[in-house]
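Here are some notes to read beside the sequence and the model. Please keep both open while going through the points.

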Amino acid sequence: MDGILLGLETALQPGNILICLLGVTLGTAVGVLPGIGPTATVALLLPITFEFDPVASLIMLAGIYYGAQYGGSTTAILLNLPGESSSVVTALDGHQMAKQGRAGPALATAALGSFFAGTVATVVLAMFAPPLADLALKFGPADFFSIVVLGLIASIALASGSTVKALAMIVLGLLLGTIGQDQFTGVPRFTFGVRELYGGLDFVSLAVGLFGLAEIIRNLESRHSTELVTRKVQGLWLTRDDFRRIRMPVLRGTALGSALGVLPGGGHVLASFTSYSLEKKLSKEPKKFGTGVIEGVAAPESANNAAAQTSFIPLLSLGLPTHPVMALLVGAFIIQGITPGPNVINDEPELVWGLIASMWVGNLLLVLLNLPLIGIWVRMLTVPYNVLFPAIIAFASIGCYSIGLNAWDVFAIAGAGLLGYFLIRWGCEAAPLLLGFVLGPLLEENLRRAMIISRGDPSVFVTRPISASLLLLAAIIIVVAVLPSVRKKREVVFQGEDD
Amino acid sequence: MSTDTGVGNGAGHSPAPFRPDLLAGGSFIALGLAFAIGGARYDVGSALRMGSGYVPIALGGTLVVLGALVVVMAFRGGDPAIRDVERPPVPWRRAGLLVAAILFFGFTVEGLGLAPTLLVTTFLAALAAPEVKPVRAALTAAGITALCLVVFVALLQLKLPLLGDWLGG
């Protein structure tokens with residue numbers, strides 16, 4: 001628990017509280033805008049954080065992430081426009097509550113449930129990340145190769161569509177990751193003699209293109225401008241009866257989310273869906289779900305937030321991102337000169353524990369500040385889309401350009417946006433591609449190292465026990481994902497997400 | 001490509017291939033080939049000492065195989081996840097305006113400076129809005145440019161020149 005104390009000491013410095021507050025506020029402000037999910041929000045605001053020192057910049061980034069999630073829930077509840085798949089479930093009952101004039105309690109439930117879940121999951125994170133990192137220090141290159149493979153394969157669970165397409169997107173991401181100088185030989189690959197590409201494609205540009213520009217083009221498919229109708233939010237407070245009803249769903253959602261969030265492959269989507277169906281099963285009146293019951297907001301929001309927190313465990317202990325936002329954080333670590341992996345927690349204790357503690361501070365700030373400020377966020381919702389999307393284009397261009405003053409980072413937004421738009425249109429999801437892109441260099445490095453150590457004998461991947469069990473797990477996931485009976489079940493879990 | 005809205009009729013004797021899968025699979029095959037062929041120009045090496053070309057060739061080959069599987073799926077009734085989803089026509093003009101706006105920014109921000117570049121970029125982007133008049137787009141552009149200058153130059157103090165060399169700034 002020394003770590004937590006060090007973390008609190010770091011996170012509670014006035015300057016860092018202020019940074020966290022700034023992150024949470026910015027994240028909510030952008031995340032609440034319709035059509036901008038948490039991933040796009042983090043990608044758009046990422047360049048701003050590079051202005052600060054490593055600790056402050058990661059604290060701000062975590063704040064942006066929580067703010068964006070909270071903002072996303074607000075949009076899902078008030079407008080029935082979930083920003084990403086994990087808040088789809090929140091919209092089911094949350095929006096019905098809003099229609100019945102109970103938007104306030106729905107938002108308060110989301111915030112309080114998230115805060116409770118975040119608090120518990122932070123403790124889980126502090127307990128499990130260090131031992132896992134110690135374990136990972138014993139990993140050889142072959143084991144690391146296998147764990148990256150497992151992480152990538154598991155991200156298929158995150159894609160709701162075809163398994164083959166998800167695999168293809170992973171491989172395409174890995175290939176895009178090979179652009180730039182080869183880390184072993186220094187040979188520039190696929191750069192066409194353009195010096196600016198020696199450092200590789202910029203991952204912020206790729207994320208902004210895939211999750212920002214592609215989404216804008218998709219929204220512009222409709223010929224007419226749509227008017228968004230917003231309602232006034234009043235009466236935030238929960239009644240005593242509400243409190244009684246959300247108590248158990250919040251507890252169960254937190255437990256489920258904490259466990260599922262650790263899974264490589266973005267357990268938080270699964271967590272919110274599973275906790276919703278669990279509450280529905282346990283409820284005495286399952287038919288009422290979908291008509292605006294408060295349990296239907298409390299459980300998935302807690303599960304989602306708990307999972308978001310514990311998904312930091314593989315990131316901080318293994319350097320393995322399990323979700324596009326985590327992939328963006330890996331990029332942020334690298335830009336700050338920190339190589340994510342099992343060493344980080346020992347080499348940079350102040351940074352890691354400060355980050356963990358500031359997640360809790362960030363959640364607290366969300367409850368304390370954002371609930372009273374809800375009126376302002378609702379007003380953000382009324383910004384017309386015709387003004388919003390040119391502003392996003394401008395912010396994205398300035399942001400990506402300002403990181404390295406490199407025009408190619410701006411061109412990459414356009415390329416990634418078009419690629420993403422068409423591939424998403426053809427049923428291929430963007431998240432596996434981004435994970436592949438971020439993990440590609442790690443995968444190649446460890447593959448080549450492992451082969452040198454084993455003197456070119458590929459059996460090293462199946463004779464080392466850790467590596468073999470990880471690869472076996474990956475194989476099981478693939479088999480399970482293509483089995484027809486499981487496919488059907490998965491479609492049920494993901495139903496309603498695609499429309 | 002604008003005809004990819006066609007929905008495969010799974011019931012017919014010889015069902016037409018599902019176009020989105022055909023296009024997706026075709027893109028994967030083309031991209032996989034491009035990386036594999038490009039990778040072959042570098043030192044390939046051996047399994048013991050992999051050269052720069054080894055991994056791109058292996059991954060490119062894998063992508064070709066996966067792309068072929070997607071094409072096969074197109075002839076077998078198509079991807080069930082998107083088969084029955086309605087796809088509106090591709091907004092070519094609007095997408096083109098957005099891409100032009102971003103490319104313009106990349107090409108001119110150094111030479112023209114931030115302020116004039118932003119004005120043009122946001123104007124082009126604003127023109128992509130549904131039912132928008134040029135005057136309205138210009139007003140939107142002016143407003144966003146002012147906002148960006150306040151946020152990025154005044155508040156965040158990014159070291160980007162407002163006027164570039166081309167304008168003697």
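1. A polar contact is a pair of N or O atoms within 3.5 Å; within protein, one must be able to donate a hydrogen and the other to accept it, and residues adjacent in sequence count only if both atoms are side-chain atoms. By this rule, 9 residue pairs are in polar contact across the interface of chain A and chain B, both residues being at pLDDT 80 or more.

2. On the basis of these notes: this is a predicted model, in which local features need pLDDT of at least 70 and side-chain atom pairs count only at pLDDT 80 or more, while totals for chains, interfaces and linings use all residues. Residues are numbered from 1 along each chain as its sequence is written, chains are lettered from A and ligands numbered from 1 in the order in which they are written, and side-chain values use heavy atoms, with hydrogens and water left out.

3. The interface takes 65 residues from chain A and 67 residues from chain B, where contact means heavy atoms within 4.5 Å. About 5,900 Å² is buried between the two chains, and carbon and sulfur atoms give 79% of that area. Buried area here is the accessible area (1.4 Å probe) that two parts lose on being put together, summed over both. A:Ile398, A:Arg425 and A:Trp426 supply 13% of what chain A buries against chain B, more than any other three residues.

4. Between chain A and chain B there are 2 salt bridges, a salt bridge being a side-chain nitrogen of Lys or Arg within 4 Å of a carboxyl oxygen of Asp or Glu. One of them joins A:Lys165 to B:Asp79, with the closest N and O atoms 2.9 Å apart.

5. Which elements of chain A give two or more residues to the side that touches chain B? They are helices H8 (163-177), H9 (203-219), H18 (385-404), H19 (407-425) and H20 (431-453), together with strand E2 (188-189). Helices (H or I, at least four residues) and strands (E, at least two) are DSSP runs, numbered from the N terminus. H18(A) gives the largest share, 12 residues. By class, this side of chain A has 43 nonpolar, 12 polar and 10 charged residues. Ala, Val, Leu, Ile, Met, Phe, Trp, Tyr, Cys and Pro count as nonpolar, Asp, Glu, Lys and Arg as charged, and the others, Gly among them, as polar.

6. A:Asn406 sits in the loop between H18 and H19 of chain A. Is A:Asn406 buried or exposed? It counts as buried because its relative accessibility is 13%; buried means under 20% relative accessible area, exposed over 50%, and partly exposed in between (1.4 Å probe, protein chains only). Its side chain reaches the backbone oxygen of A:Glu196 at 3.3 Å.

7. Most residues other than glycine have a negative phi. A:Phe192, in the loop between E2 and H9 of chain A, has a positive phi near 50° and is exposed, with a relative accessible area of 73%. B:Glu131 also has a positive phi, near 50°; this residue lies in the loop between H5 (114-126) and H6 (134-155) of chain B and, at 56% relative accessibility, counts as exposed.

8. Chain B has 6 helices and 0 strands. Of its 169 residues, 43% count as buried.
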